[in-house]
Amino acid sequence: MELIQNLFISIVQTPALLVGLLAVLGLVLQKKKTTAVIQGGIKTFAGFLILTGGAGILCASLDPFAKMFQFALNVQGVVPSNEAVVAIALVEYGSLTALIMFTGMIVNILLARFTRFKYIFLTGQAMLYVSCLTAVILVSAGFEPGIMTVILGGIFEGTLLTVTPALCQPYMKAITGGDSVSMGHTGNIGYALAGWFGEHFGNKEHSTEDINVPKSLSFLRDSTVSITIVMAAVYLILALMTGQAFVEGELSHGTNYLVFAIIQAGTFAAGFAVVLQGVRMILAEIVPAFQGIAMKLVPNSKPALDVPIIFPYAPNAVLLGFFVSFIVGTISMFAMVAMHTVVIIPGVVGHFFCGAAAAIYGNAKGGRRGAVIGAAVNSLLLSWLPLYILPLLGNLSLASSTFADTDYLIPGILLGNLGALGEAAIVAGILGFLLLVLLANAMMKKEAQPQGAGQA
C-alpha cells in the first residue's frame, strides 16, 4: 500500500509525467498508430520538462534578487512561498494530503464529466499544495485524519479546481484566441479579478504588445533582447544598493558584483526563452491528444495547464506585471511596518509568475492600463491576505513562510473561518459549495436550452 501511495504521489508531483501519460491515453483513445502514440507522449513529456526547467532557471535567477532586496532594505518578516510552507506541512500531513488529492482528482473528473464545467486540472504540484492547505485547515479546525476528513477535503479541492478555471476562461479565450486550453494555476481567482478590473477600467485599444518601437531600436522587439536589457538595469541598481561586500561574499562566490548582476539578468532571459519553447511543444501535442480524452471519457473537456502557458501571448505584459506587482508588494510591506502588523515580505517568484499572469489577463480586455490595474489588484491580494490566513494554520502560523497565491488564500480564509464556528459549519460550507456549483450548472443548462431549441 505504501509503495502504491508513493508511486501515485510521485506521478502527480511530476506534471511532465502526468500530462505525458494523459497524452498517451488521448492518442490511444483516438486509435492512433503506435508510433504516433509514442511520439506524442514523449514530446509532451519532454515539452513539460523543458517548461519546468525554464521555470527553474527563472526561479534560480530570482533567488539572489530576493536576498539582495531583503539585505538592502534590512527587513524581517514572513515570506509567502508555497514550496517552503508545504515542505514543512507535509512532514505531519503527508498521508492525509495524498488521500485528499486522490479524492479531489476523482471529484474534478466527475464534475467535468457530468456538468458544464469541462475543465480537467493538470498542474500536479498545484493539486498537491491545495490538498495540503485543505488538510492543514481541517485538522486545525478539529477534524481527525480519517475517512470523513478525506472525503470532505476531496470534495472541497475537486470542486475548487473545477470552478476556478471556469472563472478565467472568458479571458483565456481573449488571450489565446481560442477555447482549447484553460488556466490550471492557484492564482486563478486573482487572474479573473485582474481580467474583470482590466476590462471595466482599462482601455483595450492600447495593448501592451502594441508599443511602437523606432526602427533604430527595432532589435528590442526580440523578447530575449528586451528582457535582458530591462532586467540587467534592475539587477545592477539592486546590486549597487546592496553593496559589493554582501553580493560577492554571500551570493557570487567572489565574482564581481556588477558582472554577477548582468549574468543573473541574462539567466532570467534565458529561462524565459526556455519556457516559451516548452509551451510551444506542449500546445502542439497536448491539445490534439486531449481531444481523444474529450471525445471518449469527458466530452468537450479542456486541459487546465500551468501559468507559463500564457506567457508567449503577451511578453511585454509579463515584465510590466512583474514590476507593478513587486512595487505594490513593496509599498504594502512598508505600510505593514508602519502599522506594526506582521510584515509580509514580497516573494519575488510569486510576484513574477502571478503578477505577469494578472497583467496578461488585465491586458486581454483592458490594454496597457488594464494590465497595470490587474497586476496591482492581484498584488494587493497577495500582499495583505496572508495576514488573515496565518492565524488559521495552527502550528504552521509560527513558520517563517506561508501560502502565497489567491486560490490558497481566499478559499483557505473562508474555510478556516468556518472552522472557527465548529466542524458542522465546515461540513455545511463544503457541501454548500458543491451544491452551489451544481445549481450554477443547472441554471447554465436552462439558459442553453432555448438556444438549442431555436437552432433546431
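Predicted model: local features only at pLDDT ≥ 70, side-chain atom pairs only at ≥ 80, totals over all residues.
Let me begin with Leu49, which lies in helix H3, helices here being DSSP runs of H or I of at least four residues and strands being runs of E of at least two, both numbered from the N terminus. Residues are numbered from 1 along each chain as its sequence is written, and side-chain values use heavy atoms, with hydrogens and water left out.

Leu49 is partly exposed, at a relative accessible area of 40%; buried means under 20%, exposed over 50%, and partly exposed in between, with a 1.4 Å probe and protein chains only. Together with Leu17, Leu21 and Phe45, Leu49 forms a nonpolar patch on the surface, with about 310 Å² of accessible area in total. Such patches take residues with over 30% relative accessible area and no salt bridge, nonpolar side chains being joined within 5 Å and like charges within 9 Å, and the areas come from the Shrake-Rupley method with a 1.4 Å probe. Helix H2 (15–29) and helix H3 (34–73) each supply at least two residues of the patch.

Now to the salt bridges, that is, a side-chain nitrogen of Lys or Arg within 4 Å of a carboxyl oxygen of Asp or Glu. The structure holds two of them. In one, Lys67 pairs with Asp63, the closest N and O atoms being 3.2 Å apart, and these residues, four apart in helix H3, are separated by about one helical turn. In the other, Asp179 pairs with Lys302 at 3.6 Å between the closest N and O atoms. Asp179 lies in the loop between H6 and S3 and Lys302 in strand S4, so the pair ties together parts that are 123 residues apart in sequence. Is Lys302 buried or exposed? Lys302 is buried, with a relative accessible area of 13%, whereas Asp179 is partly exposed at 35%.

Strand S4 also brings us to the sheet, an open one of three strands in the order S2-S4-S3 with parallel pairing. S2 (119–121) and S3 (182–183) stand at the edges, each with a single partner strand, so one side of each is left without a neighbour in the sheet. S2 and S4 (residues 302–305) pair over three bridges, where pairing requires that DSSP find at least two, and Phe121 stands opposite Ala304 in S4.
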